[in-house]
Structure formats: C-alpha cells, structure tokens
Amino acid sequence: MISASQRLWRTSPLTYVALVLAALLSIYPFYYMLVIGTRSLDSINEVPPPVTPGGAFGDNFGRVLDNDAANFLTGMMNSIIVSSVVTVSVVLTGSLAGFAFAKLKFRGSNALLLAIIVTMMIPTQMGLIPLWSIMQDLGWYDTLYAVTVPFLVSAFGVFMMRQYASQAISDELIEAGRVDGASTFRIYWSIVLPALRPAAGVLGLLTFMETWNSFIWPYAILTPENPTLQVSLSFLSYAYYTDYSQVFAATAIGTIPLVLVFLVFGRQIIGGIMEGAVKS
Amino acid sequence: MSLSATTAPPSPAAPPSPDVDRRRSRGRLLNRLDVKYSPYLYIAPFFLIFGAFGLYPMVRTAWMSLHDWDMIGEHSFIGFDNYTRLFSDEYFWNALVNTFGIFALSTIPQLLLALFLANLLNRTFLRAKTFFRMAIFMPNVVSVAAVAIVFGMLFQREFGLFNWLLSLVGVDPVDWDGQRWSSWFAISSMVNWRWTGYNTLILLAGMQAIPKDLYEAAAIDGASPWRQFWQITLPMLKPTFIFVVILSTIGGMQLFTEPLLFANGNILGGSQREFQTLAMYMYEMGIVNLNSAGYGAAVAWAIFMIIILVSLFNFLLVRRSAK
C-alpha cells in the first residue's frame, strides 16, 4: 500500500544528484592529497590549481625520509606499536569485562556498569594538565608508555562488548561449560571470546583508527624527536608548509593505511557504528 | 582412552583415598571462589587504569585549580581566586567567543545537512546504499591532523583552491587566517567536512529504528512524504538527535587540533588570538606556561561546566521543539 506520491518521491533523481554531490565532496580532499603529494613543488602553485596527479611522489617522499627534523619513520613505527598494543588490550579487557557484566552474577554489577557508562560522558581533555605532571613523576615523559598505558582500557569497549555478549551468547552455553567443569576464565577464552568475534573485530578497527589518529595527548607528552605519526605530520607542516608536496606526500602515506582498512572493512565499521547508536 | 592407557588406570574397585577427597573439596572451594569473585578480576583492569589515568587526573585538576600552582616549583592554596580571575580575563572571554562562534558555524549546518542526507539514505529503494554510506563516512577515517593540513592548503592565500574559486566570481582573495570571521569559517569547514558523514549515519540508524507501519498508515491516510518527515520522522528521531547534539557539543567545546594546525602550531591562534579556542587557552595556561598550571586547571573545569550547561540547554531546546 504505497501511494503514487511516495513512489515519485523515493525514485527522484534529485536524491541521487544530492547524494553523488555529497560523496564527491567527501572524497575530493583525499584526491587533492594525492594530486599535491605526487606533483613537483613547481607545478602545484599553478593557476588554475592542478587537478591531475603527477609523477613526483618518489621524489617528494624521499625528501620526507631525508628530513631529519620530521622523524617520519620513527613516528610511523611508534604509531604502529602504540595502536596495535592499545587495540589488543582494549579488545581483551573490553570483552572480559563485557562478558562479566552480561553473563556473570556478582554484587554491585549494576552500579559498576552505570559508573562505566557515566565515564563515557566525561571529556578526557579535562585531566590533561595533571596527567602531564603525573607522567613527569612516573618518568614517562616522551616515552611510549605515556601514550599507551592510559588507553589500554575503554569504557566504550566494555559497554559495546556487554551489549553484544548479552544478545549473542545464551546462558545455556555457559551453563554447559560449567557442567563440563570449565573455570570461568576457560569459559571466557574457549566459548565467549570466539562468539564475540564479530563485535571484537569492529571494536578493534574503531580503536585502531582512533589511536592512530589521536593527536592532543601525544602532542603534549612526546617531543619531535620521538613522535607518533600525527605529531610528526604536524611538525612537518609547521616547518615546511611552503613545501606542500613533501607535507602532502607524508600526509598521504599516513592516511592511506586507514583508508585501505576502511575500504576492506567499511561495511562492518559502519554497521558497528550504526548499531551502537541505536542502542545507546 | 588411548591416553589413560599409557598411565596407570585407577582401579574402579578401590575406594577414594583421603588424598583424592581433599583434592575434590579443594576443587569445589576453588570453584565457588571462581564463580563468586572472578568477575571482579575481569572488570578490575578497567577500573584500575581508568581510576589512575582518567578519574584521578580529573579530581586533581579540581584540586590544582584551587592553588597558585607552578608545575616545577611551589604551590599555595588560594581558594576560588583562579575562578574569579576568569571573569576579568579578556583572553578567556576571547577564547569563549571564538569557541562558540566556531561551534555554531560547524554544528548547525552540519546537523541540518546530516538530517537531510540521512533522510535521503533512508529511502527504501535507494540503489548503491553501501557505496553512499561509505563515501560520506570516509572523512571520519582521516586524522584531524591530516584534515587540518589539507584544508590549510585549500585555504591558502596565494594558491589555495578557495581563493581561486572566489576569483572566478570576481571576489578578491581572502586572507583566511588573518581575520576573525574568515578563520572561523575555515576551521568550521574542517569540522563540518569530517563529522557530517558520521552524524548522518547515527541519524540514519535512528530513522531505521522507527517502525515502518507508521509510514504505511500515514501513506494510506494520504500524508505526503514531506509531511511524514515532519510528523513521524522528526518526533520519533528525538532521542537520537539529542544524542548527536550532545556529542557535537562535547566535541565542539574541546576543539583544539584544527585551529592549532591552522595557526601553524601557534597556541595563541592567530596574531591577535582571532581563533584561539578554550582548549587552546587551557593548553597555553596549563602546559605551555608551566607556572600557571593552577589557572589552566581552572580553565579546564570551566570548559567542563560549559559543556554541561550547553548540553543541558540543547537537551531542553530539542526536547521542547520536537515535543
């Protein structure tokens, strides 16, 4: 029972025009990054601005690698290490706690879960100044501990895993494990964790992207000699903003890995984000 | 069977020895302890790490804000002096105005556009759904730093794309980071670009949770799609919309990276502080100038209060307007 006017509305070509336009605007800056990053310095300041990629990427990226002030490779390595460690930890601690909240009975579990949800509302930047001095006291200034340890757990991760676990895992399954004499941890490891895999994958992807892209805290606590990738990019652009070819080549290299991950897993990432939105 | 055959099989006839008995009861005890207390072990990592690096710093920010606090030297208790100082600090007010200006320029168009796009994506027979969703979400995959760098060039005075486009319609080149309104516009455009797609998806998720038979009933009654949008979609979308507004508020009040990189790392945000945000001012007072950490902490708590107030205001506004 769909009226004629509704049919007219939903097949309107204008819908597609608007969506294609939005898609182009969303994608254009990526393309622009490639155009500038692959062109020689002389050719980017043309009028009208260039719209096609050039062949100078190797040359531009070579300048990035030769640039001692940017420490690009160190930044890349640091970002890979920090993002990987944080991702693995957030998924493990999140699924463990999520499992406990969803499937185990213990005193105070409701209040503790509520406490975790409340912390999701607190802007972390508010603790920036004392955190900076705490890191000094711990001797962690300018070390990877400072940008890793505080992020090993995530309230969002616990909450998301709890939501998924309470739907995806039946109580009978856990009961069966108990009857077989498995310990709670054994049940988590052999039954729950495999069942949580789809949600754990999405959480892992989101966590990796967020850690890879994080800026303020690494910028505050790391020096240009030992940066993460984003910090390295920022210093590169402060010092060499006239050499846009070099800066854009570096920015593209720092962005492409995430774009590739997104192209492969985009459907799951988007599904996870939309699912989380409806439930919360 | 094959395993137990290699070791000595226990004789089925033999009564359980006291040793086995003790082991069994210890097993039962362990089992009881495991069921009763191990959950606390599983949630402990979150509370330990969050407590040490999330909650404790927040509390310490409050404590510091009551002191004249030098990071590397002395500190003395001064009560609420840091907070009263905020009211007469012109740089604080300047940062407040900048933050709200950029917030308005980014949040309002962004949410309207997201609402529009979500409504388009919610069409039942739309083709290439996944493609459009992925395309408009793509900007959120890029780091803020990369966005700020790329837009920095787009807004460049001499050879930037925006000034070239303006020249096509006969407008003189704009010195984007030289004036207040133009720098606000440039920074807002970065925020809009990065977050519109994300908000679109959240709103779309909210729309898809609305029962379809409501629309069918309305269509039978002859309600136009436009009317359906106003009378069904918008009111039913209220909780999701409030969620999105509050998220945008938290993000907008803490805006830092875009203006910092737009100013090439200058924490003042332009020569006349044209686009220094509250978060930048907090950073300037608390991290760059180590001797005013107490005042920086007061700025941090002020931001927190502002977030709560603005969120509450938005919450009431959205709730009332959507009835």
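Author: Helix α10 of chain A passes helix α11 of chain A in a right-handed crossing. A crossing is right-handed if the near helix is turned clockwise from the far one by less than a right angle, and left-handed if anticlockwise. The model is predicted: local features need pLDDT of at least 70, side-chain atom pairs count only at pLDDT 80 or more, and totals for chains, interfaces and linings use all residues. Residues are numbered from 1 along each chain as its sequence is written, chains are lettered from A and ligands numbered from 1 in the order written, and side-chain values use heavy atoms, with hydrogens and water left out.

Reader: At what angle do the axes of α10(A) and α11(A) cross?

Author: Two packed helices are described by the angle between their axes and the distance between the axes. Axes are lines fitted to C-alpha atoms, for helices over the stretch in contact, and angles run from 0 to 180 degrees between N-to-C directions. For α10 (residues 171-179) and α11 (residues 184-195) of chain A, the crossing is at roughly 125°, and the axes come within 10 Å. The angle therefore makes α10(A) oblique to α11(A); under 35 degrees is roughly parallel, over 145 roughly antiparallel, 65 to 115 roughly perpendicular, and the rest oblique. On α10(A), the contact (heavy atoms within 4.5 Å) is made by A:Leu173, A:Ile174, A:Gly177 and A:Arg178, and on α11(A) by A:Thr184, A:Ile187 and A:Ile191. By class, this contact has four nonpolar, two polar and one charged residues. Ala, Val, Leu, Ile, Met, Phe, Trp, Tyr, Cys and Pro count as nonpolar, Asp, Glu, Lys and Arg as charged, and the others, Gly among them, as polar.

Reader: Why is α5(A) called roughly antiparallel to α14(A)?

Author: Helices α5 (residues 72-103) and α14 (residues 229-239) of chain A cross at roughly 155°, their axes coming within 7 Å. That angle is why α5(A) is roughly antiparallel to α14(A). A:Phe72, A:Gly75, A:Met76 and A:Ser79 of α5(A) meet A:Leu229, A:Ser232 and A:Leu233 of α14(A). Four of these contact residues are nonpolar, three are polar and none is charged.

Reader: How does helix α2 of chain A pack with helix α5 of chain B?

Author: The axes of α2 (residues 13-37) of chain A and α5 (residues 129-137) of chain B lie 8 Å apart, at an angle of about 40°. The pair is therefore oblique, and its crossing is left-handed. Chain A contributes A:Tyr16, A:Leu19, A:Val20, A:Ala22, A:Ala23, A:Ser26 and A:Ile27, whereas chain B contributes B:Phe131, B:Phe132, B:Ala135 and B:Ile136.

Reader: How many helices and strands has chain A?

Author: Chain A has 15 helices and zero strands; helices (H or I, at least four residues) and strands (E, at least two) are DSSP runs, numbered from the N terminus. Its C-alpha atoms fill a box of roughly 75 × 70 × 35 Å along the principal axes.
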